[in-house]
Amino acid sequence: MPVTYWCERAWLPGGVARAVRLGVAEGRLTEVTPDAPRTGTVLSGLVLPGFANAHSHAFHRALRGRTHHDRGTFWTWRERMYALAGRLDPDSYYRLARGVYAELVLAGYTSVGEFHYLHHDPLGRPYADPNAMGAALVAAAADAGIRLTLLDTCYLTGGFGRDLDEHQVRFGDGDAEGWVRRVEAFRPEGGHVRLGAAVHSVRAVPVWALPVVAGWARGKPLHVHLSEQRAENEECLRHHGRSPTAVLSDAGVLGPDTVAVHATHVGESDRSALARSGTRACFCPTTERDLGDGIGPARALHDAGVRLCLGSDSHAVVDPFAELQALELDERLAAQSRGRFTPAELLAAATDHRALGWTGVGELVPGAAADLVGVDLSSVRTAGTEPGGAPMAATAADVRDVLVAGREVVRGGEHLLVERPAAVLAEEIGRLWSGT
């Protein structure tokens, strides 16, 4: 049934407009009319397109606030991450991910790309359904009301020339052909899900296996961790005599369907290779900050012609406004100057659903998916701001209403499909760490 919404203000491709009437039918926008008489369901404040979280590790959410022992080194974090991974099974992963995805929608995300490498049991043995862990994520996303791109990840080695260790064996499929056989057998159901692929990194996928993954993923979203830390670049140079970007380029991994996640330490030649191939770069500023990875060359990549998108990675923070604000503010620190990106450029990065294989999503135009995020302009954070500057002032706490493909999932700051998401998260995370 067609529905009409009236927005006090809405962010259209040309900027913020007043009194915008939106017609919605079969999950898509049929009308976008500014300066329209008040009618239909009123969405107060500022309505934005739905945000896209291009990089998620759902199980990392259970690490939040639990990795600061010994001053919170990277190795502290890694040890806790492996301990957590070893405690998850399909049932507990479903319960945790359901809470995580509900948190994402409450923050204004309407699509998420799940970089999924938790495949087998803790001893590396396949479950009766070899894709049971992926199926758990698909079910969790459906129940939380979010659009999901499941990026099934190939993960074969524990580093350059090293076997998987005891903590990593559940990530691997033996070889690239084994990964292909398992992922080929996966047939996720539902209009909310799309299946893509990921190369974990040049450390975890040998050079001869890269073309196999890229070949299977042709025409699908293909993501890869790239140059997240300087040590990765140095080790790759010693092992291959080339940068990680060059290794991926030579193997045919880069391309218009590929997203290089992090790209924190890419040099000028790497940036040129990414631009020539049409590869996107996904920045995850809150996680890169949390892990001490460094500040990536966002403006330089953008100027080279690389399209940027954003993710929340480890979910140390779940807030699309925090990510887009950090993209700008980190650039200011690195360049020691203001105004590195325009608000429109920042919002474009935060709403790039195409990075996840979803077309016609992320803009308020006729024919686009009716993904709407209503932001309060009267909170203590946003009161007095110009609507066009609200993305630089708001937080996830200011999100009041969320529609995903025309379906109302959040109303008045309350999730309509998952009751008490905070309690869901607290219960499951507590159970995981207590071992019960």
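Biologist: Which helix gives the most to the lining of the largest cavity?
Modeller: Helix 11 does, with 4 residues. Helices here are DSSP runs of H or I with at least four residues, strands are runs of E with at least two, and both are numbered from the N terminus. Before going on: this is a predicted model, where local features need pLDDT of at least 70 and side-chain atom pairs count only at pLDDT 80 or more, while totals for chains, interfaces and linings use all residues. Residues are numbered from 1 along each chain as its sequence is written, and side-chain values use heavy atoms, with hydrogens and water left out.

Biologist: What counts as a cavity, and what as a pocket?
Modeller: Both come from a 1 Å grid over the protein atoms alone. A cavity is a set of points where a 1.4 Å probe fits but cannot get out. A pocket is an open set with protein on both sides within 12 Å along at least five of seven lines. Lining residues have an atom within 4 Å of a point. Points are joined across faces, edges and corners, and a volume is the space filled by probe spheres set on them.

Biologist: How many cavities of 30 Å³ or more, then?
Modeller: The count is 1. The largest cavity holds about 70 Å³ of space. Its lining includes Phe-283, Pro-285, Ile-295, Leu-327 and Asp-330. Helix 9 (285-290) and helix 11 (320-335) are the elements that give two or more residues to that lining.

Biologist: And what volume has the largest pocket?
Modeller: About 710 Å³. Its lining has 33 residues, and the closest to the centre are Phe-74, Arg-78, Arg-203, Glu-228 and Gln-229.

Biologist: Which helices supply at least two residues of the lining there?
Modeller: Helix 1 (74-85) and helix 6 (230-240) each do. Helix 1 has the largest share of the pocket lining, 6 residues.

Biologist: Changing topic. How many salt bridges does a search of the whole structure find?
Modeller: It finds 22. A salt bridge here is a side-chain nitrogen of Lys or Arg within 4 Å of a carboxyl oxygen of Asp or Glu.

Biologist: Which residue does Asp-371 pair with?
Modeller: Arg-147, with the closest N and O atoms 2.8 Å apart. That pair links distant parts of the chain, 224 residues apart: Asp-371 is in the loop between helix 12 (343-350) and strand 13 (372-375), and Arg-147 is in strand 7 (residues 147-154).

Biologist: Are Asp-371 and Arg-147 buried or exposed?
Modeller: Both are buried. Buried means under 20% relative accessible area, exposed over 50%, and partly exposed in between, with a 1.4 Å probe and protein chains only.

Biologist: What about Arg-125 and Asp-121?
Modeller: Their side chains form a salt bridge at 2.8 Å, N to O. Arg-125 is partly exposed at 49% relative accessible area, whereas Asp-121 counts as buried at 10%.

Biologist: And how do Asp-250 and Arg-242 meet?
Modeller: In a salt bridge too, at 2.6 Å from N to O. Asp-250 is exposed, at 55%, and Arg-242 is partly exposed, at 27%.

Biologist: On to the sheets. What order do the strands of the open sheet of 8 have?
Modeller: The order is 5-6-7-8-9-10-11-12, with parallel pairing. Two strands pair if DSSP finds at least two bridges between them. Strand 5 (51-56) and strand 12 (308-310) are the edges, each pairing on one side only. The twist averages 25° from one strand to the next. Axes are lines fitted to C-alpha atoms, for helices over the stretch in contact, and angles run from 0 to 180 degrees between N-to-C directions.

Biologist: Which strands does helix 2 lie across?
Modeller: Helix 2 (residues 90-107) lies across strand 5, strand 6 (109-116) and strand 7, at about 140° to strand 6. Contact means heavy atoms within 4.5 Å.

Biologist: How many bridges join strand 1 to strand 2?
Modeller: There are 9, and the two strands run antiparallel. Trp-6 stands opposite Arg-21 in strand 2. The hairpin between strand 1 and strand 2 has 2 residues.

Biologist: And strand 2 to strand 3?
Modeller: Antiparallel, with 5 bridges. Leu-22 faces Val-32 in strand 3 as its opposite residue. That hairpin has 2 residues between the strands, and Glu-26 takes a positive phi near 50° there.
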